[in-house]
Amino acid sequence: IGQQITMPHKGNIRVAQVIESTNTELKDAASKRANGDVILAEIQTAGRGRHGRQWLAPVGGSLTMSMYWRFNDGYQSMAGLSLLVGIAVCQALKQCGLDEARLKWPNDVYLYGKKLAGVLIEVEGQLGAPADSIIGIGLNVTVPEHEYDVGQPHIDMSHELGPDLNRNDIAARIIEQLWELLPAFTQHGFEPYVATWQELDWFADRTVVIKAGNKRISGVNRGIDASGALLLETSDGITRFHGGEVSLRAG
Ligand code: BTN
């Protein structure tokens, strides 16, 4: 990355060389950040994933970035945010020539059934007050599939597009997509995006297992509702699951 990116001004973009985590950096910058601001890092020394996991990425092989976005109407207007971010990443990848990226509820980007990108959203705020979100994205651009063990099957963009990839271009397209989608989402909520998300769902109508705490519930994935909750069909009917500490895998 290592250079300034010039785009229409909808937020500041900073490229850092070595920092702990782009999410942590934006969290700690509470007095200095403005809506739409972005931080990218060449190297994260303490990259974080969901469920308290680490996010490891080889130097030069991944995009690690975070955007700050404020919701003046508070928490309730954020429902579906992580799914919206997945759509933004998929659409940006499509512009980069990668048509096959799909989504895994609640917020992974998949390519041929393997993880291509992850999203970690962190929220700050109190009930009834404006809420701040830090939207973190980690995307495998050129990450050797066999040499790099992160404990789950992963894949990178070079698998489809070859090694000659321009990370600035990819980053710029993701940022532009977020800048485009977030204002409309903030105003109208997730409902207008449900159909788009479902078209991109890798597990649509497939048997999946939902892990919620110690429980494992098997059922058929019947898509999502307007709040982004997963609709799981079991012998008891349809059950809704909200993101948070829940995860999904193939059944
Ligand atoms: C996951 O799939 O568990 C989410 C991974 C999110 C990783 C990104 S990399 C940029 C940002 N900074 C972090 O520390 N984490 C997110």
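Trainee: Before we start, how are the residues numbered, and what pLDDT do local features need?
Mentor: Residues are numbered from 1 along each chain as its sequence is written. Because the model is predicted, local features need pLDDT of at least 70 and side-chain atom pairs count only at pLDDT 80 or more, while totals for chains, interfaces and linings use all residues.

Trainee: Okay, is strand β3 largely enclosed or open?
Mentor: Strand β3 (residues 62–71) is largely enclosed by the rest of the structure, because nine of its ten residues are buried; buried means that 20 or more other C-beta atoms, placed from the backbone, lie within 10 Å of a residue's own. Strands here are DSSP runs of E with at least two residues, and helices are runs of H or I with at least four, numbered from the N terminus.

Trainee: Which residue of β3 does A41 stand opposite?
Mentor: A41 stands opposite T64, and strand β2 (residues 38–44) runs antiparallel to β3 with four bridges joining them; strands pair if DSSP finds at least two bridges between them.

Trainee: And what is the partner of T64 in β7?
Mentor: In β7 the bridge partner of T64 is G138, and β7 (residues 131–140) pairs with β3 in the antiparallel sense over ten bridges.

Trainee: Switching topic, how many residues surround the ligand?
Mentor: There are 20 residues around the ligand, with G138 among the closest, where near means a C-beta atom, placed from the backbone, within 6 Å.

Trainee: Last one, where are the domains?
Mentor: Domain 1 covers 13–199 and domain 2 covers 207–250, with bounds from an automatic or database domain assignment.

Notes:
Buried ≥ 20, exposed ≤ 12 C-beta atoms within 10 Å, placed from the backbone.
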